[in-house]
Amino acid sequence: MAVEHPTAKSTVMEEAKRRIKVTKTTNSRLAEVDFNNLVFGKKYADHMLVADFDGKEWKNAEILPFQNLSVSPSNAAWHYGQAIFEGIKAYNDQEGNPMIFRPYDNYARFNKSAERMGMPDVPEWLFVGGMAMLIDLDRQWVPSNEGCSLYLRPFMIAADEFIGVRPSDTYKFAIINSPSGPYFNKPIHLLVQDKYIRAFPGGVGYAKAAGNYGGAMYPTMQARKDGYDQILWVDGHEYKWLQECGTMNVFVIIGNRAITPDLTNGTILAGVTRASVMDVLTDMGLEVEERPVSIEEVVAAYENGTLREVFGTGTAASVAYVEQLDYKEHRISMDTTQYEIGAEVISRLDAIRTGKAEDSRSWNFHI
């Protein structure tokens, strides 16, 4: 999934600085944050980036103090769901300077989502350059504690004040920052969902569209009432081919093979962490298979003793160990204290993202 940097970093930053107005806060909230007890997605940094698409071009780009947006009740996004987002993380290197992890991959995926939802592309100077400017201004908000990061949420919504059913002409783009701890602070329990479906071929499953998550809320809520942390979705035709966990892609380690569902049907999000983990697993000497994998195959591997590990991967969750996986009458119970492969993946990724190890693939965008 690696994306080539389309433009020289210096050129991107020059254009961003030329086109983005900066208004600094006069009342920092930094002292209000306990960086030793960060919860995911609860606190927000001092500044945000906003910009408007007027039907022809992006304008009014500004970094300004974090604040509410003023939106009409007739805003098209409320009514028809034209809304997309990304999740990205920034870390401090060993000298205390912030780095964004693989922003160009998220940038490419954001515009792919925009195309599918009938929305305009966001230019590189605004998405990547603006993000870098924002983090530079809020660099004191980047946590240095183990397992913590500055979580970045770029998003775009329709902005027309019109309730006719058609794509909006105008849009709002924004980026907010949140110093965050781990998304999951313990191994997770998954329910294989064989009634509700997340996505079908030809739909928007591959897009990071807000509606994908909205549609998953009810079945996930029901699963949580039964003690599960997340749902593991399967396909809508045979109800057996693994898809994703909604907030994560999924990997199963069977023998010396790392298997993750392939993306060919367009029903699974092409995770940036997923792609990173595939590279790291290959570096570790495992055979990585990107192919259809059924829940029956996973159950059979568990029963014959070849299933070694199951884990989810995502920007928010990073790598989350699966301790329990339930499918109909089958219960897969894993001793995650014995997860050597997952532990090595986490160690290697963390080392790259924090500058402790060589970034041989140029994943980090240094600020």
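On one side of helix α1, E14 and R18 are exposed, where exposed means over 50% relative accessible area, buried under 20% and partly exposed in between, with a 1.4 Å probe and protein chains only. The buried residues of α1 are V12, M13 and A16, and because they cover an arc of only 95° around the axis, they lie on the same side of α1, the arc being that of the directions from the helix axis to the C-beta atoms. This is a predicted model, in which local features need pLDDT of at least 70 and side-chain atom pairs count only at pLDDT 80 or more, while totals for chains, interfaces and linings use all residues. Residues are numbered from 1 along each chain as its sequence is written, and side-chain values use heavy atoms, with hydrogens and water left out.

The buried residues of α1 pack against α3 (103–116), α4 and β17 (364–366); here helices (H or I, at least four residues) and strands (E, at least two) are DSSP runs, numbered from the N terminus, and contact means heavy atoms within 4.5 Å. The axes of α1 (residues 9–19) and α4 (residues 124–137) come within 8 Å and cross at roughly 85°, with axes fitted to C-alpha atoms, for helices over the stretch in contact, and angles running from 0 to 180 degrees between N-to-C directions.

A separate site is K208, where UniProt, in an unreviewed entry, places the feature "modified residue: N6-(pyridoxal phosphate)lysine", although such annotations may be inferred rather than shown by experiment. K208 is found in the loop between β9 (188–193) and α5 (210–225), and it counts as buried because its relative accessibility is 10%.
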